[in-house]
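Here are some notes for a first look at this structure. Please read them with the model open beside you.

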Amino acid sequence: MRIAVVGGGISGLVAAYRLRTLLGPDADLLVLDRSDRVGGILYTGELAGEPVDLGAEAFVGRRPEVPELLRELGLESQLVIPAGLRPLVWSGGAAHPLPEGTLMGIPANAESMRGLVDAATLARIAAEPERPLTWEPGSDTDVYGLVADRFGAQVAERSVDPLLGGVYAGSSRSIGVRAALPTLAAALDNGAPSLTTAVRAALPPPSNAPVFGGIRDGYRTLLDALAARSEAKFVTATPGTRLARGLRGWVVDPIGAVDAVVLATPAPVTARLLGGVAPAAAAELAGVELSSSVVVALAVPRETALPQNSGILVATGEPLRAKAFTLSSRKWPHLAHRETALVRASFGKFGDDAALSWPDAELVTAAAEDLATVTGVPIAPSAAVVQRWPGGLAQYAPGHPARIAAVEAEVAALDGLAVAGAYLHGVGVPACVASGTAAAQRIAAR
Ligand SMILES: Cc1cc2nc3c(=O)[nH]c(=O)nc-3n(C[C@H](O)[C@H](O)[C@H](O)COP(=O)(O)OP(=O)(O)OC[C@H]3O[C@@H](n4cnc5c(N)ncnc54)[C@H](O)[C@@H]3O)c2cc1C
C-alpha cells in the first residue's frame with residue numbers, strides 16, 4: 001500500500017507511526033507538509049543554550065495517550081510532572097489564587113469565588129439554585145451566555161476566560177458549552193435544575209494524580225522518535241497541495257497516486273482539500289474559526305523573586321498586553337536547576353491577533369513589563385525567543401460537535417480517506433494523538 005499523510009503535526013506523525021506498526025515494513029508511507037520541519041504547533045526551540053518548548057509545553061496527565069506513547073517508544077524516562085504549585089489570576093489590578101474545585105472556572109459554590117468577584121456576584125451565585133433554569137436538551141450555547149446569565153459577567157471574565165484562554169486562545173464568548181464542557185452539557189441535558197447542580201454533577205471525582213505531564217527535553221524528543229519509527233518519506237508540500245479521486249484510490253498533488261490518505265491538516269486546509277471530494281464536509285470545516293497567538297520565552301536571572309506559583313493567568317478586560325505567563329522554572333522541577341529562570345508569556349486570543357504583527361523587540365519588552373506588573377518584581381531578561389502561531393488553535397464554537405459529526409459521517413463513506421487533527425475531538429495533544437491513532441486504524445482496517 002502507498003499511503004499519504006498530509007500534515008506532519010503530532011496528529012499526522014502519530015497516524016504515520018501507527019500505520020507503520022499496523023501495516024508493517026512493506027507499506028510505502030509519505031508524510032507531506034508545507035513546512036520542512038515536522039511537528040506543526042509542537043516546536044522545541046532553544047533559549048540560553050537549552051531546549052524550550054515554544055508551542056505546547058504540557059499535556060493533560062489524566063489522559064493516557066501521551067504517557068502510553070512515550071512508553072511504547074521507550075521514552076518513559078522523558079515523562080515529567082509539575083511541582084504541583086497553583087496558578088494565580090490577575091484581575092482588577094491584583095493577583096488572586098485561581099479558584100479551586102471549579103469546572104473550567106465555573107464554580108460549584110459561591111465560596112470558591114470569594115476574593116475574585118464582588119459581593120453582589122457572590123450573592124447571585126449563592127441564590128442561583130433558586131432561579132429556574134431553562135435548558136433545551138441537546139441544545140448548545142456559548143459558555144459566556146450560560147455563565148454570565150446564571151452567575152454574572154465577573155465569573156465568566158475573571159474565572160472562566162483565563163482558563164479557556166489557556167486551552168483555546170479563545171474566551172467564554174467564542175467557545176461552546178457542548179464541546180468544551182461535555183459533562184456539563186450532559187448534566188444539563190439530564191435535567192439539572194440549576195447551573196450549580198449541573199457543575200456539581202459534572203465535576204470529575206477528586207484525584208491526587210498530577211493534572212499535567214510534560215517531556216523532559218521537550219516535545220522534539222517525541223516528534224523525532226515518531227518520525228524515525230514511522231520510517232516514512234517526508235516530502236515538502238508545494239502551496240497548492242490538492243486531493244482528487246484516482247483510478248484505484250486517490251491522487252495527492254504533488255506526490256501522485258496513493259491507495260489511501262490521512263488528512264491531518266488544520267481545519268481550513270482540510271476544508272480546501274476536501275472541496276472536490278466531500279463538499280458538505282468541506283463547507284462545515286470552512287466554518288471552523290481559528291485564533292492566533294504568540295509565545296515569548298524569557299530567560300531571567302535565577303535570583304529573580306518570581307512568586308511560588310506555576311503561572312499567572314490574566315482576566316478579560318485587564319489593561320495588559322500579555323494574556324498569560326507560565327513560570328516554567330517554578331512549574332517544572334526539571335527546569336528549576338537551569339542557570340537562568342524560564343518564563344513563557346502568551347499574547348493574543350480569538351478576535352485579537354494584533355500581537356502577531358508586533359516586532360520581536362516590542363513583544364519582548366511587553367512580556368517583561370507585564371511580568372513585572374503582575375509579579376511586582378523588576379524583570380531583566382538575559383535572553384528571549386519569540387514564536388508566532390498564526391491560526392494555531394481551532395475555536396470550538398457552539399454546535400461544534402454536531403459539525404464534526406457531519407464531517408466524519410461524510411468522510412466515513414469515502415473508502416481510503418481519514419481525517420485527524422486538533423479541530424475534531426479536542427485541541428490538546430492527547431486528543432490529537434487519539435485522532436491520529438483512530439485515522440490510522442480506519443485506513444489499516446480496509
Ligand atoms: C501556543 C500554543 C500552546 C499550546 N499549548 C498546549 C499545551 O500545553 N498542551 C496541549 O495539550 N496542547 C497545547 N496546544 C495545542 C496543541 O499543541 C495543538 O492543538 C496540536 O499540537 C495540534 O496538532 P495537529 O497535528 O493537529 O496540528 P498542527 O500542529 O497544526 O499540524 C498541522 C500540520 O499541517 C501542515 N500543513 C498546513 N497546511 C498544509 C498543506 N497545505 N499541505 C501540507 N501540510 C500542511 C502544517 O505545516 C502542520 O505541520 C497549544 C497550542 C498553541 C498554539
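1. Keep in mind that this is a predicted model. Start at the ligand. A backbone N or O atom of Ile 10 sits 3.1 Å from one of the ligand's oxygen atoms. Ser 11 reaches a ligand oxygen atom too, with a polar side-chain atom at 2.8 Å. At Ala 58, a backbone N or O atom lies 2.7 Å from a ligand nitrogen atom.

2. How much of the ligand does the protein cover? On its own, the ligand has 1,000 Å² of accessible area, and the protein covers 90% of that.

3. Now the shell. It has 35 residues around the ligand, and Ser 11, Asp 33, Ala 58, Val 427 and Val 429 come nearest. By class, 19 are nonpolar, 12 polar and four charged.

4. Which elements build this shell? Two or more residues each come from α1 (10-23), β2 (28-33), α10 (267-274), β15 (290-301), β19 (383-394) and α15 (429-444). The most come from α15, which gives three.

5. The structure holds one cavity of 30 Å³ or more. The volume of the largest cavity is about 150 Å³.

6. What lines the largest cavity? There are 17 lining residues, with Val 52, Asp 53, Glu 57, His 334 and Leu 335 nearest the centre. Strands β4 (50-53), β9 (212-215) and β18 (340-347) each give two or more residues to the lining. The largest share, three residues, is from β4. The lining of this cavity has six nonpolar, five polar and six charged residues.

Key: Residues are numbered from 1 along each chain as its sequence is written. This is a predicted model: local features need pLDDT of at least 70, side-chain atom pairs count only at pLDDT 80 or more; totals for chains, interfaces and linings use all residues. Side-chain values use heavy atoms; hydrogens and water are left out. A residue is near a molecule or strand if one of its heavy atoms lies within 4 Å of it. A polar contact is a pair of N or O atoms within 3.5 Å; within protein, one must be able to donate a hydrogen and the other to accept it, and residues adjacent in sequence count only if both atoms are side-chain atoms. Accessible areas come from the Shrake-Rupley method with a 1.4 Å probe; for residues, only the protein chains shown count as cover. Helices (H or I, at least four residues) and strands (E, at least two) are DSSP runs, numbered from the N terminus. Ala, Val, Leu, Ile, Met, Phe, Trp, Tyr, Cys and Pro count as nonpolar, Asp, Glu, Lys and Arg as charged, and the others, Gly among them, as polar. On a 1 Å grid over the protein atoms alone, a cavity is a set of points where a 1.4 Å probe fits but cannot get out, and a pocket is an open set with protein on both sides within 12 Å along at least five of seven lines; lining residues have an atom within 4 Å of a point. Grid points are joined across faces, edges and corners, and a volume is the space filled by probe spheres set on the points.
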